[in-house]
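Q: Could you take me on a close look at one helix of this chain, from the overall fold down to a single side chain? I would like the cut-offs spelled out along the way.

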Amino acid sequence: MDLTMLLKPEAVRALSGVSSKKRLMNELGALAEAAYDVPHSDAIDALLERESLGPTGVGNGVALPHARLDGLDRVVGALAVLDKPIPFDAVDRQPVDLVFALFAPTDSGVEHLKALALVSRTLRDTAFCAKLRANHDSATLYTIVSEAQAAQAA
């Protein structure tokens, strides 16, 4: 499994004007709907429900919101790079500007956990995160993700 298996180019976006966690979840729901035909309200509800169990901000400006949804046949993702960090109740209490959301089938089990581990490992790479933060073009962001995966595979 690699990030490009989880992520379509249309699910990668640089976002401006996002000022709250709720607004961010709305944007992630819109990305999931556009890229994977996930109903917008279902995606938002599932993300917010999971977030109510505990925040998914993992530190260093990174959040990994995730949810299980009916109607998916595999784990999929959405990547958002925010122009301004927002409060997210992260473990280090720092605001978040890199967000990789995962949407998994309700019965995905181990695949969901493998995807979370992969994304978490990848976003711990400070050089990779710096490249993402330095670019605000969606196509360039997807290219950065693709090239990082190719380099890891080599």
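A: Happy to. The protein chain has six helices and six strands; helices (H or I, at least four residues) and strands (E, at least two) are DSSP runs, numbered from the N terminus. Along the sequence they follow the pattern α-β-α-α-β-β-β-β-β-α-α-α. Please keep in mind that this is a predicted model, in which local features need pLDDT of at least 70, side-chain atom pairs count only at pLDDT 80 or more, and totals for chains, interfaces and linings use all residues. Residues are numbered from 1 along each chain as its sequence is written, and side-chain values use heavy atoms, with hydrogens and water left out.

First, the setting. Of the 154 residues of the protein chain, 47% count as buried, where buried means under 20% relative accessible area, exposed over 50% and partly exposed in between (1.4 Å probe, protein chains only). Among contacts (heavy atoms within 4.5 Å) between residues at least 6 apart in sequence, 71% join residues at least 24 apart.

Now to helix H2, residues 21-36. Its 16 residues should span 22 Å at 1.5 Å a residue, and the end C-alpha atoms are 22 Å apart, which agrees; the expected span is 1.5 Å times one less than the number of residues. Buried in H2 are Lys 21, Leu 24, Met 25, Leu 28, Gly 29, Leu 31, Ala 32, Ala 35 and Tyr 36. They cover an arc of only 160 degrees around the axis, so they sit on the same side of H2; the arc is that of the directions from the helix axis to the C-beta atoms. On the face turned away from this buried side are the exposed residues Lys 22 and Ala 34.

What covers the buried residues? The cover includes helix H1 (3-6), strand E1 (12-15), helix H3 (40-53), strand E5 (76-86) and strand E6 (96-105).

Lys 21 deserves a look of its own. This lysine of H2 is buried, with a relative accessible area of 17%. Not counting residues up to four places away in sequence, Lys 21 touches Glu 51, Pro 55, Ile 86, Pro 87, Phe 88 and Asp 89.
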